[in-house]
Amino acid sequence: LQQAPQAINGLPALKTVARARLDGREVQLHSYVVRRDSCIYDMVYFASPQDYSRGEPSFERMVAGFRFLQR
């Protein structure tokens, strides 16, 4: 449904929103993938398309508050 670059905590990330079938049921997912040093972080939210809009704001708040630990 959507794929676009976005920054998370100052690092480039890839935002994806898609629909798929899982065990015969339709799901909608929203993910962010970001790389820092040699680590890949994949944050994913998924729900039924009917329930998706209820949880998506909480997922966005979690992603906005995500911070990498300092080494």
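An open sheet of four strands, in the order 1-2-3-4 and with antiparallel pairing, is the subject of this briefing. Strand 1 and strand 4 (39-47) stand at its edges, and each has a single partner strand, so one side of each lacks a neighbour in the sheet. On average, neighbouring strands are turned by 25 degrees against each other, direction ignored. The model is predicted.

**Strand 1 and strand 2**
- Strand 1 covers residues 2-8 and strand 2 covers residues 11-22; the two run antiparallel and are joined by seven bridges.
- Ile8 has Leu11 of strand 2 as its bridge partner.
- These two strands form a hairpin with two residues between them. In the turn, Asn9 has a positive phi of about 50 degrees.

**Strand 2 and strand 3**
- Strand 3 spans residues 25-36 and pairs with strand 2 over 10 bridges in the antiparallel sense.
- Within strand 3, His30 is the bridge partner of Val17.
- The hairpin of strand 2 and strand 3 also has two residues between the strands, and Asp23 in this hairpin takes a positive phi near 55 degrees.

**Strand 3 and strand 4**
- Nine bridges connect strand 3 with strand 4, and the two strands run antiparallel.
- Gln28 has Ala47 of strand 4 as its bridge partner.

**Background on pairing**
- Strands of a sheet pair through backbone hydrogen bonds, in either a parallel or an antiparallel manner.

Definitions and conventions
Residues numbered from 1 in each chain as written. Predicted model: local features only at pLDDT ≥ 70, side-chain atom pairs only at ≥ 80, totals over all residues. Heavy atoms only, no water. Pairing = 2+ DSSP bridges. Axes fitted to C-alpha atoms, helices over the stretch in contact; angles between N-to-C directions.
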